[in-house]
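These are notes for a colleague who will look over the coordinates. Please read the points with the model open.

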Amino acid sequence: MDLAAAEDWVRAHVEPVGAIETAHERPWATVLRVPLADGIAWFKACSPVQAFEPRLTAGLFARWPDRVAEVLGHDEERAWLLLADAGTPLRVFGNPPEAWLAALPLYAELQRGEAPHARDHLAHGVPDLRVATWPARYDDLVNCDLPLDSHEIRRLREFAPRFSELCSELAARKVPETIQHDDLHMANVYRDGERLRVLDWGDSSISHPFASLVVTFRFLEEFNKLPPGDPWFFRLRDAYLEPWGHGLTDAFALAIRTGAFARAFAYTRQRDALPAAARPEFDKEFSVVLRRAIAQSLE
């Protein structure tokens, strides 16, 4: 990234009152902190694997200004994005389930409203992870060099026919495919007063909407230590499903089970774009995602 050009671009949209500093630098994006007289703005330069994010975020803000970060500027060609500060992440508050009880219906409404835009999102680079693609992606996954033991890889191969059957069952439920954030956890939902906003859409895809909660539920298990079967999971499921209509709990269960594998498919896309030196660190998290998916094959 040309830092001087980026700073000039930022200054064309806002008036910094101090030095623009690097907040973090990752293989998939660089984020700069921009001090303003009335707060902070955040500049994000996306790598090619997430180059769709600025346009997607700007479109979401245009249609859903009350539930995503305010977009101060974006450059689709250079994959640059400038956002107003969105408040405090739910992680700081301890990831309270009560906050998700409020956030998930808002997110579901956004997903339903974005369904008519799904083809446009695909045409502008949002990854295609629709359910019809999952069996082929599963075959690709098991043929990768995965950070797993041989018996785990064997289990994945043995589950392939059943996975295809489950995908067919899920597709038969006819839930419209739409934007799926795929990183919907406590560090990506922010609170500003009573307002909740979803940030960081760079892992998104067009996919089965219900698979979003694979990540949300994982963090409630691992961070909040909620045990499987805790009543909160059912309360949150029902709150999320309310905007979608009745009779969808079976479809939700299918989406959570198969969506654990879709999460792994998304990881392979990110992994393929990494330099070789960055893969060992990435694979620590990737192996966790894979093992959580394998656990779904044992149900």
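The points below cover the sheets, the helix pairs and a few single residues.

1. Basis. This is a predicted model, in which local features need pLDDT of at least 70, side-chain atom pairs count only at pLDDT 80 or more, and totals for chains, interfaces and linings use all residues. Residues are numbered from 1 along each chain as its sequence is written, and side-chain values use heavy atoms, with hydrogens and water left out.

2. Five-stranded sheet. An open sheet is formed by five strands in the order S1-S2-S3-S5-S4, with antiparallel pairing. Strands here are DSSP runs of E of at least two residues, helices are runs of H or I of at least four, and both are numbered from the N terminus. Two strands pair if DSSP finds at least two bridges between them. At the edges are strand S1 (21-26) and S4, each of which pairs on one side only. From one strand to the next the twist averages 15°.

3. Helices on that sheet. Helix H1 (residues 3-13) packs on the sheet and touches strand S2 (29-36), strand S3 (39-46), S4 and S5. The direction of H1 makes about 45° with that of S5. Helix H2 (residues 53-63) also packs on the sheet, touching S3, S4 and S5, and its direction makes about 145° with that of S4. Contact means heavy atoms within 4.5 Å. Axes are lines fitted to C-alpha atoms, for helices over the stretch in contact, and angles run from 0 to 180 degrees between N-to-C directions.

4. Hairpin of S4 and S5. Strand S4 (residues 71-75) and strand S5 (residues 80-84) run antiparallel and are joined by four bridges. Gly73 has Leu82 in S5 as its bridge partner. The hairpin has four residues between the strands, and Ala79 takes a positive phi near 60° there.

5. Three-stranded sheet. A further open sheet has three strands in the order S7-S11-S8, and its pairing is mixed. Strand S7 (128-129) and strand S8 (178-180) are the edge strands, each pairing on one side only. S7 runs parallel to strand S11 (residues 205-207), and two bridges join them. Asp128 has Ile206 in S11 as its bridge partner.

6. H6 against H9. At what angle do the axes of H6 and H9 cross? The axes of helix H6 (residues 150-171) and helix H9 (residues 249-272) cross at roughly 130° and come within 10 Å. H6 and H9 are therefore oblique to each other; angles under 35 degrees count as roughly parallel, over 145 as roughly antiparallel, 65 to 115 as roughly perpendicular and the rest as oblique. The crossing of H6 and H9 is left-handed, that is, the near helix is turned anticlockwise from the far one by less than a right angle. Residues of H6 in the contact include Leu156, Phe159, Phe163 and Leu166, and those of H9 include Leu254, Phe261 and Phe265. The residues of this contact divide into 11 nonpolar, one polar and three charged. Ala, Val, Leu, Ile, Met, Phe, Trp, Tyr, Cys and Pro count as nonpolar, Asp, Glu, Lys and Arg as charged, and the others, Gly among them, as polar.

7. H7 against H10. Helix H7 (residues 213-222) and helix H10 (residues 279-296) have axes that come within 13 Å and cross at roughly 100°. H7 and H10 are therefore roughly perpendicular to each other. Arg218, Glu221 and Glu222 in H7 meet Glu285, Val288, Val289 and Arg292 in H10. By class, this contact has two nonpolar, no polar and five charged residues.

8. Pro280. Pro280 lies in helix H10 and is exposed, with a relative accessible area of 54%. Exposed means over 50% relative accessible area, buried under 20%, and partly exposed in between (1.4 Å probe, protein chains only). The C-alpha atoms of Pro280 and Pro147 are separated by 9.0 Å, although these residues are 133 residues apart along the chain.

9. Positive phi in loops. Asp182, in the loop between S8 and strand S9 (189-192), has a positive phi near 65°. Asp182 is buried, at 4% relative accessible area. Asp200, in the loop between strand S10 (195-198) and S11, has a positive phi near 60°. Asp200 counts as partly exposed, at 31% relative accessibility.
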